[in-house]
Amino acid sequence: MDECQAILCKLVDGDQTFSIDYKNNCFLKDGKPFQYISGSIHYSRIPHYYWKDRLVKMYMAGLNAVQIYVPWNFHEPVKGEYNFSGDRDLVHFLDLANQTGLLVILRPGPYICAEWEMGGLPAWLLETPNILLRSSDTDYLQAVCNWMNILLPKVKPWLYSNKGNIISVQVENEYGSYHACDYNYMRTLRTIFRSFLGADTLLFTTDGDTERALSCGSLQGLYATIDFGTDTNITKAFRLQRRFEPHGPLVNSEFYTGWLDHWGEVHAGVDKWNVSKALREMLALGASVNMYMFEGGTNFGYWNGADHDTRFRSVVTSYDYDAPLTEAGDPTEKLLLIRDVIKQVGNIPSLLDLFSPQGLIKSQYLLTFEEMKQYYGYMLYRTKLPRELWEPTPLISPLNGVHDRAYVTINGQVFQGILERDTALVLKVSGKQGDTMDLLVENMGRVNFGSKINDHKGILGDLLLGSDVLTNWEIYTLDLDGAIAGGWPHSEARRFPPADGRGPPAGPMFYMGTLKSNGVARDTFLQLKDWSKGQVWINGVNLGRYWSSRGPQQSLYVPGPLLSATQPNNITVLELEGAPECPRVLFMDRPHLNRTVGRSGGSAGVGSRHPGRRDPGDGVSVHGHVERTTHRERSILL
């Protein structure tokens, strides 16, 4: 069997893969670009009967992964005696995470720090006179190898490549901050991990954002990541990572949402606004981020650690850490802000995986719909701002090349406005160098009469930013109909947080809701009063466009057979410009077509009443007022 046949066989068998795309600077999950948004949780600090509760809360906050330490001394407190039951049942924790839909970033040490007793190393190691911990000392390495011989076979079945949920495994922990700087030790660990976990497992290191830390902590064959908090210059920190990993994903393996406490000191904390701001910036850069901690938990018994820099300082019993989830697992305002950031920025890559199964196409210059072999609907064009825009700068379509409308957003969250064919050829935008600029381009329908029937769609010709020609585009075809026909977003409704009462933001946004059946399924008309422009699907069927703000049409015809008389009917709305303050749709018994004058010059009148159609007032609400039997909607930024 040649290499091509082997690859095809793997694809047919449905093998799971997780790797690094060094060419496109990203992770690849099953061959597609992937960005993880993770949070640290220590199973050793939380009673096992609360594990599921905490994992579900992390999932509901928008995380797609969790990061966990494995404390050696928690499982082998006495030499040769191992405990993996109850609060120490690691396999059960991995299984719960998998059931919840969370990937796992595993950090098995052998040293873990974590403000845990002796950094997770068992105290019985000190029975060996003059042992040199975290080094190539033979007595220490023998103990490590014995432990890994127990631990790693337990976790191997849970590797992603083995149909589990462990996507990556860390070797040691912040070794560059340790005085030894023993490369032979790290090489030995690499050999041990490879021997037990295989050549395809993604192994990585984590170190502080200093050159010395990365020099001593990194090793060829282990992907080097960094850690830092809100007081760090993000650009400078990732630039340092790039010195040690010129290609591959940007990764902050420990983004500090809070800090630890020592006895006799002031309770530590990190401002929630600083956390959300820094998280937003990193995610917008495409970085994968793990928040340390997402829930801290408790140092039960004697498991607290201690620091000794200029003096000995013992860590307190609570490991609350000012984390998004409190020590008792309660959500905080910090969690709500983080959830909003993830909703606005971090879910874009996963949505693109859903909407664009063929993945991105990289091109120096812009490509049309036809060149991308997408003939209808929407496409996404993405590039980076080439320079600082200290003042609003014109984004120009010099040849009237936007066919037909482009909705422009910076960093997935700041809506800039609209470019429109024949109407709006210039739009002023603001942002920083390196910010991501997205243009969601809508095909409004091709010319069907006259000399301009050769009507290409997309962006034709160059776009200018001031005097700069924009290049280096990432282009995505979008199969919205396929995703929605497949059940999205209702199939993942529990992932989406409820409306926060602040009103809908401007720019492209999905809304969803359900219309409960009243026992009949007859023709009706859907009215979107005070909405702007967009698309509507009912039970996965694309009803068509609405443009309430421009008119004349103010309602969409809904054939009765599309509705269920016995089951809730799913409604999905893509609003492109901005929903009303209290977004709702109404199901009416007659059309509303009289916004402006019609083609013949007369008034486009309201149709006559149709007996047997659904009564007026049946509706669905997003934020506030609910009409009759409805389901409260939730919104997700596209």
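I call a residue buried when its relative accessible area is under 20%, exposed when over 50%, and partly exposed in between (1.4 Å probe, protein chains only).

**Entry 1: the model.** I note that this is a predicted model, in which local features need pLDDT of at least 70 and side-chain atom pairs count only at pLDDT 80 or more, while totals for chains, interfaces and linings use all residues. Residues are numbered from 1 along each chain as its sequence is written, and side-chain values use heavy atoms, with hydrogens and water left out.

**Entry 2: aromatic pairs.** A pair of aromatic rings is described by the distance of the centres and the angle of the planes. I count rings of Phe, Tyr and Trp (its six-membered ring) as a pair if their centres lie within 6.5 Å; planes under 30 degrees apart are stacked, over 60 edge-to-face, and the rest tilted. By this rule I find 33 aromatic pairs. I looked up Phe84 and Trp147, which are stacked, with 6.2 Å from centre to centre and 10 degrees between the planes. This pair links distant parts of the chain, 63 residues apart: Phe84 is in the loop between helix 3 (72-75) and helix 4 (90-100), and Trp147 is in helix 5 (residues 138-155). Here helices (H or I, at least four residues) and strands (E, at least two) are DSSP runs, numbered from the N terminus. Both Phe84 and Trp147 are buried.

**Entry 3: a second pair.** How are the rings of Tyr292 and Tyr321 arranged? Their centres are 5.4 Å apart and their planes stand at 80 degrees, so the pair is edge-to-face. Tyr292 belongs to strand 11 (residues 288-295), and Tyr321 to the loop between strand 13 (312-314) and helix 10 (333-346), 29 residues apart. Tyr292 and Tyr321 are both buried. I also find them in one aromatic cluster with Tyr69, Tyr256, Trp259 and Tyr319.

**Entry 4: charges over rings.** I require NZ of Lys or CZ of Arg within 6 Å of the ring centre and within 35 degrees of the ring normal. The charged end of Arg45 sits over the ring of Tyr319, 3.7 Å from its centre. Arg134 lies over the face of Tyr111, at 3.6 Å from the ring centre.

**Entry 5: Arg54.** Arg54 lies in helix 2 (residues 51-60). Is Arg54 buried or exposed? Arg54 has a relative accessible area of 4%, so I record it as buried. Leaving aside neighbours within four places in sequence, I list contacts (heavy atoms within 4.5 Å) of Arg54 with residues including Ile41, Glu295 and Glu327.
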